[in-house]
Amino acid sequence: MSPGDSNALSEATEVFNADGAGEVVILCEHASHHIPARYKGLGLAEADRTSHAAWDPGARAVSLALSDALDAPLVASRVSRLVYDCNRPPEAASAMPEKSEVIVVPGNCDLTPEQRAERVDTVYTPFCQAVSDVLAARKAKDLPTVLVTMHSFTPVYFGEHRAVEIGILHDSDTRLADAMLAEAPRLPQRRIARNDPYGPEDGVTHSLRLHGLENGLANVMIEVRNDLLRTPQDEAAIAEDLLVLLRPALAALKAGRQADA
């Protein structure tokens, strides 16, 4: 699937397969390292503008593969998370970070309230509205919905090597995470863990709370170590691995809903 296949495209957000009838809605908040010209590269060196600090390498490609396989709508940000991190609320310092790991972001230092508000209005709000529009349309059609947010993470963070390969993250609603982790033995070659390398205490579950919990939707955040996503073949292989976890987990949730009906 290419950008030309998207159902809706704006400067800040792209929506693929908006009318997809599968159970899953996918969010990819860190899909792009694009920095709009008005921000003058945030004062960053070129290598930093395309590093993992600026986006989640491979996350968009895996999201598109999952969207195809599951007939799932996908909402993806088209702006670097260093401009605005759509997985953070406006009041969070990390929404427009002055520093990301060891990278100082000059263009985010000493932002005025007006500058912060401009980014909220042009990046965060359009993303959230796109998600809300997709969810509202599905509710109007009485389509069952679960929310999946797709991310990748660096294998080395502040000099520490991370052993986990796939993180299954959740906030207070553990239903989908539990069901996916129950399927982890199907992938004995993968190191899969709960709330690793991040968890709710790290402030990473904003989208799950805002778009999942507040709408009563089962939800999960998937993190994949980005050294496993270096080529299109890698991305396709990881997408297939995630489907090994997701498909039976979705079936288990559906069976549970039917039993409760």
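This is a predicted model: local features need pLDDT of at least 70, side-chain atom pairs count only at pLDDT 80 or more; totals for chains, interfaces and linings use all residues.

User: How many cavities of 30 Å³ or more does a search of the whole structure find?

Analyst: A cavity is a space where a 1.4 Å probe fits but cannot get out. The largest cavity has a volume of about 30 Å³. At a cut-off of 30 Å³ or more, the number of cavities found in the whole structure is one.

User: By class, what lines the largest cavity?

Analyst: The lining of the largest cavity consists of Ala18, Asp19, Gly20, Val134, Ala137, Arg138, Lys141 and Leu143. Gly counts as polar, while Asp, Lys and Arg count as charged. By class, the lining of this cavity is therefore four nonpolar, one polar and three charged residues.

User: What is the volume of the largest pocket, and which element gives the most to its lining?

Analyst: The largest pocket holds about 460 Å³ of space. Its lining has 27 residues, and the closest to the centre are Arg81, Arg88, Ser100, Tyr157 and Tyr198. Two or more lining residues come from each of β5 (99-100), β7 (146-153) and β12 (219-225). The element that gives the most, with three residues, is β7.

User: Which element gives the largest share of the lining of the second largest pocket?

Analyst: The second largest pocket has a volume of about 280 Å³. It is lined by 13 residues, and those nearest its centre are Leu135, Ala136, Lys139, Asn215 and Leu217. The elements giving two or more residues to this lining are α3 and α5. The largest share, five residues, comes from α3.

User: Where does helix α3 bend, and by about how many degrees?

Analyst: Helix α3 covers residues 113-140. Just after this helix, aspartate 142 takes a positive phi of about 60 degrees. The bend in α3 is at valine 120, and its angle is about 35 degrees.

User: Which residue in β4 stands opposite glutamate 14?

Analyst: In β2, Thr13 and Val15 point one way, Glu14 and Phe16 point the other way, and all are buried. β2 pairs with β4 in the antiparallel sense, over four bridges. In β4, the residue opposite glutamate 14 is alanine 76.

User: Is serine 67 buried or exposed?

Analyst: Serine 67 is found in helix α2 (residues 59-70). Leaving out residues up to four places away in sequence, serine 67 touches Asn17, Ile26, Ala72 and Leu74. A residue under 20% relative accessible area counts as buried. Serine 67 has a relative accessible area of 1%, so this residue is buried.

Methods. Residues are numbered from 1 along each chain as its sequence is written. Side-chain values use heavy atoms; hydrogens and water are left out. On a 1 Å grid over the protein atoms alone, a cavity is a set of points where a 1.4 Å probe fits but cannot get out, and a pocket is an open set with protein on both sides within 12 Å along at least five of seven lines; lining residues have an atom within 4 Å of a point. Grid points are joined across faces, edges and corners, and a volume is the space filled by probe spheres set on the points. The bend at a residue is the angle between axes fitted to the seven residues ending there and the seven starting there. Buried means under 20% relative accessible area, exposed over 50%, partly exposed in between (1.4 Å probe, protein chains only). Two strands pair if DSSP finds at least two bridges between them. Contact means heavy atoms within 4.5 Å.
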